[in-house]
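Please read it with the coordinates open beside you.

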Amino acid sequence: MKTAIIVPARFASERLPGKPLADLGGKPMIVRVLERARAVRGIERAVVATDDERIAAAVRADGGEVAMTPSDCPSGSDRCAHAARQLGDLDVVVNVQGDEPLLEPRAVEALLGAFSDPTVEMATLARPLEPGELDNPNVVKVVCNLRGDALYFSRAPIPHLRGGGPGTLGRAHVGIYAFRASFLQAYTRLSPTPLEQSEKLEQLRVLEHSHAIRVVDTTWRSIGVDTPEDLERVRAYY
């Protein structure tokens with residue numbers, strides 16, 4: 001199975017402009033993400049997809065591979081799809097955001113294991129909810145069917161625990177995605193959908209168009225960098 005990790009990265013950010021180049025222990029954050037991606041067993045290539053020459057130069061200076069993409073890609077998934085077309089013959093593509101410098105390689109390896117099932121087109125991760133997270137709209141919850149495919153993702157507390165039912169049915173979504181390469185291209189052609197727009201969750205587009213997302217369990221808790229405070233938190237690890 002020919003597999004690539006693609007890391008979409010752009011310089012602009014509302015809360016933390018230029019964050020891919022933020023220093024983490026003497027290296028830009030985007031390089032730290034790529035280092036973690038390269039440590040994943042079973043991948044053939046780890047590539048940064050960007051439209052910014054400053055990001056590209058930083059990656060190349062560290063010996064990394066870059067795929068240049070248009071500046072008008074509407075999402076990270078679109079940027080990944082564009083880069084995947086440049087890379088050629090691939091079976092599976094993993095989309096790892098460029099603000100995940102604490103990426104856990106074993107979690108990605110578990111995610112790739114989902115593709116041993118030939119029916120899986122797309123997969124993602126989920127972890128146990130922690131106290132206080134069920135009612136937090138910034139923590140996306142997911143519930144699944146008995147096969148492990150997502151039934152719904154929501155910022156609302158799902159499922160509702162009427163009568164004190166089991167509290168382990170809902171899990172926290174971890175935003176790492178893997179796609180069959182062919183489905184990644186098809187996914188970017190799907191039109192936006194009502195639930196996606198209501199929840200502001202792009203993955204709902206897949207479910208509303210009657211495709212499945214396999215959900216893989218992990219204990220890894222992602223710490224993405226969206227704010228200066230997040231940046232200081234991850235600097236403690238470097």
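This is a predicted model: local features need pLDDT of at least 70, side-chain atom pairs count only at pLDDT 80 or more; totals for chains, interfaces and linings use all residues.

1. The protein chain is divided into domain 1, which covers 1–101, and domain 2, which is made up of 103–175 + 182–222. Taken over C-alpha atoms, the centres of domain 1 and domain 2 are separated by 23 Å.

2. Where the domains meet, 22 residues of domain 1 are in contact with 14 residues of domain 2, and the two domains bury about 1600 Å² between them, with 63% of that area on carbon and sulfur atoms. Of the area that domain 1 buries against domain 2, R36, V40 and E100 supply 27%, which is more than any other three residues.

3. As for polar interactions, the count between domain 1 and domain 2 is one salt bridge, while six residue pairs are in polar contact, with both residues at pLDDT 80 or more. E109 forms a salt bridge with R41, and the closest N and O atoms of that pair are 2.9 Å apart.

4. Which elements give two or more residues to the side of domain 1 that touches domain 2? They are the strands β1 (3–9) and β6 (92–95) together with the helices α1 (29–38) and α3 (76–87), and of these α3 gives the most, with six residues. By residue type, that side of domain 1 divides into 14 nonpolar, three polar and five charged residues.

5. Q185 is found in helix α5, which spans residues 181–187. Is Q185 buried or exposed? Its relative accessibility is 15%, and because buried means under 20%, Q185 counts as buried. G224 lies in the loop between β11 (214–217) and α8 (228–235). Leaving aside neighbours within four places in sequence, G224 is in contact with D99, E100 and D230, and E100 is also one of the three residues named above for their share of the area that domain 1 buries against domain 2. The C-alpha atoms of G224 and D117, which are 107 residues apart along the chain, are separated by 29 Å.

Notes
Residues are numbered from 1 along each chain as its sequence is written. Side-chain values use heavy atoms; hydrogens and water are left out. Domain bounds come from an automatic or database domain assignment. Contact means heavy atoms within 4.5 Å. Buried area is the accessible area (1.4 Å probe) that two parts lose on being put together, summed over both. A salt bridge is a side-chain nitrogen of Lys or Arg within 4 Å of a carboxyl oxygen of Asp or Glu. A polar contact is a pair of N or O atoms within 3.5 Å; within protein, one must be able to donate a hydrogen and the other to accept it, and residues adjacent in sequence count only if both atoms are side-chain atoms. Helices (H or I, at least four residues) and strands (E, at least two) are DSSP runs, numbered from the N terminus. Ala, Val, Leu, Ile, Met, Phe, Trp, Tyr, Cys and Pro count as nonpolar, Asp, Glu, Lys and Arg as charged, and the others, Gly among them, as polar. Buried means under 20% relative accessible area, exposed over 50%, partly exposed in between (1.4 Å probe, protein chains only).
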